[in-house]
Amino acid sequence: MKPGIHPDYRPVLFHDVAASAFWLIRSTIETDKTHVHTDGISYPYVTLDVSSASHPIYTGQERKAKAEGRVAGFNKRFAGFTAK
């Protein structure tokens, strides 16, 4: 390996804000934020909007169905564009 050309591979704390879950894994991601983990050590910190802890596919939760169907929504949205 050539020295000085590879990114720093270090422990990084990832936080899923939707599920309030934390993961401490090794990564090369660049961040300016730091956060103190439960072990008392400060790690680079990255927030996530969705992860396996909050995504409906992984949690088994179904999406809430809309009150009206797709066709009814389409007709409602484009009702003024019909030919007279």
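Which residue in strand 2 is the bridge partner of histidine 15?

1. In strand 2, histidine 15 has phenylalanine 22 as its bridge partner. Strands here are DSSP runs of E with at least two residues, numbered from the N terminus.

2. This is a predicted model, in which local features need pLDDT of at least 70 and side-chain atom pairs count only at pLDDT 80 or more, while totals for chains, interfaces and linings use all residues. Residues are numbered from 1 along each chain as its sequence is written, and side-chain values use heavy atoms, with hydrogens and water left out.

3. Strand 1 spans residues 10-16, and six of its seven residues are buried (under 20% relative accessible area, with a 1.4 Å probe and protein chains only). Seven bridges pair strand 1 with strand 2 in the antiparallel sense; two strands pair if DSSP finds at least two bridges between them. The hairpin of these strands has four residues between them, and serine 20 there takes a positive phi near 55 degrees.

4. Strand 1 is also joined to strand 4 (residues 42-48) by four bridges, and these two run parallel. Phenylalanine 14 has its bridge partner in strand 4, namely valine 46.

5. Serine 27 belongs to strand 2, which covers residues 21-27. Serine 27 counts as buried because its relative accessibility is 14%. Leaving aside residues up to four places away in sequence, serine 27 touches Asp8, Tyr9, Arg10, Val12 and Phe14, where contact means heavy atoms within 4.5 Å. The side chain of serine 27 also reaches the backbone nitrogen of isoleucine 29, at 3.1 Å.

Conventions
Buried means under 20% relative accessible area, exposed over 50%, partly exposed in between (1.4 Å probe, protein chains only). A polar contact is a pair of N or O atoms within 3.5 Å; within protein, one must be able to donate a hydrogen and the other to accept it, and residues adjacent in sequence count only if both atoms are side-chain atoms.
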